[in-house]
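Here's a quick report on a chain you can look at yourself. Have the model open while you read.

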Amino acid sequence: MRRPSASMLLTAGLFSLPLGWAMLLLIVPYLLMIAVGFWTRQFPLFVPDFQFGNYVQLVSDPQYTTVILRTLKIAAMVTGCALILGYPLAYFLVFTIRSDRLRNLIYMAVIVPLWVSYLLRAYTWKIILGTDGALNSALIWLGLIDTPLDAFLYNQTAMVITLTYIFVPFMVMPIYSVLENIPKGLIEASEDLGIGPLGTFAHVIAPLSLGGVVAGAMMTFCLSFGDFVAPVLVGGPDGTMVANLLQTQFGAALNWPLGSALATLVLIMVLVILGLTGWAERASARNLR
């Protein structure tokens with residue numbers, strides 16, 4: 001039997017450390033979470049079991065289905081708003097601004113907020129939309145209202161605004177990267193053939209940028225889907241999302257089996273979304289060949 005060489009042992013040792021680290025901190029916690037989702041709660045403890053009562057409760061109880069559907073709706077709205085804001089900005093940076101210094105400056109201004117505390121950025125919108133905030137103060141100064149309005153805060157609209165502001169850089173970055181790498185010769189060839197700007201965008205730029213749009217939408221949707229800070233700060237009673245339910249089940253309710261089942265369900269939904277986005281990227285790549 002051939003003995004392993006020193007290089008093979010060294011390679012195995014180098015790969016075993018990150019693999020073991022991933023197993024310990026990623027795979028094992030996921031397996032524990034999935035297993036606990038089948039346990040039974042007997043207050044104040046949890047009994048190992050194999051039953052689907054927790055999942056049946058999540059599907060049959062309107063409280064949970066309503067929150068899941070609300071979370072999907074808010075995440076989809078945030079993704080749509082981020083795309084509406086992010087794509088024109090990325091397009092403007094790549095195809096309109098000729099100065100590299102100015103382009104880099106604006107691009108850095110887009111991503112610099114990511115270096116600021118997430119909580120601070122979310123709290124900023126609570127100050128802006130509050131009764132004593134900048135929006136109400138501006139409306140009173142313009143004479144449009146006499147007294148501050150409380151309709152701007154503690155609702156789903158405030159959540160969409162806040163989450164869009166927080167996650168729009170994740171939409172801009174992949175779209176900007178894809179647009180920047182589009183060969184300029186294709187655009188020039190389109191112009192030489194007499195195709196106008198709209199035709200060039202529809203037949204050249206938009207198809208080639210679809211991969212960046214899908215990647216940005218995936219990141220924005222998944223991040224907003226799992227957010228739990230914005231609902232607490234600006235959401236109000238009708239702004240509870242899945243992450244807030246998870247926090248409640250593992251905290252105040254002390255129902256780890258139900259919380260694990262809900263977390264497993266969220267994990268499955270995220271994996272399905274990742275699978276669909278991957279399929280969309282591959283389909284768009286095949287269409288461009």
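The sulfur of C81 sits 17 Å from the closest cysteine sulfur, the one in C222, so that is too far for a bond. For a disulfide, the two cysteine sulfur atoms have to be within 2.5 Å. C222 is in no disulfide either, with the sulfur of C81 as its nearest at 17 Å. Searching the whole structure turns up zero disulfides. C81 counts as partly exposed, at 31% relative accessibility (buried is under 20% relative accessible area, exposed over 50%, partly exposed in between, using a 1.4 Å probe and protein chains only).

Keep in mind that this is a predicted model, where local features need pLDDT of at least 70, side-chain atom pairs count only at pLDDT 80 or more, and totals for chains, interfaces and linings use all residues. Residues are numbered from 1 along each chain as its sequence is written, and side-chain values use heavy atoms, with hydrogens and water left out.

On to the chain as a whole. Its secondary structure is 13 helices and two strands, taken as DSSP runs (helices H or I, at least four residues; strands E, at least two). The radius of gyration, over C-alpha atoms, has a globule rule of 2.2 Å times the number of residues to the power 0.38.

| Chain property | Value |
|---|---|
| Radius of gyration | 24 Å |
| C-alpha box along the principal axes | roughly 80 × 70 × 35 Å |

Of the 289 residues, 35% count as buried.
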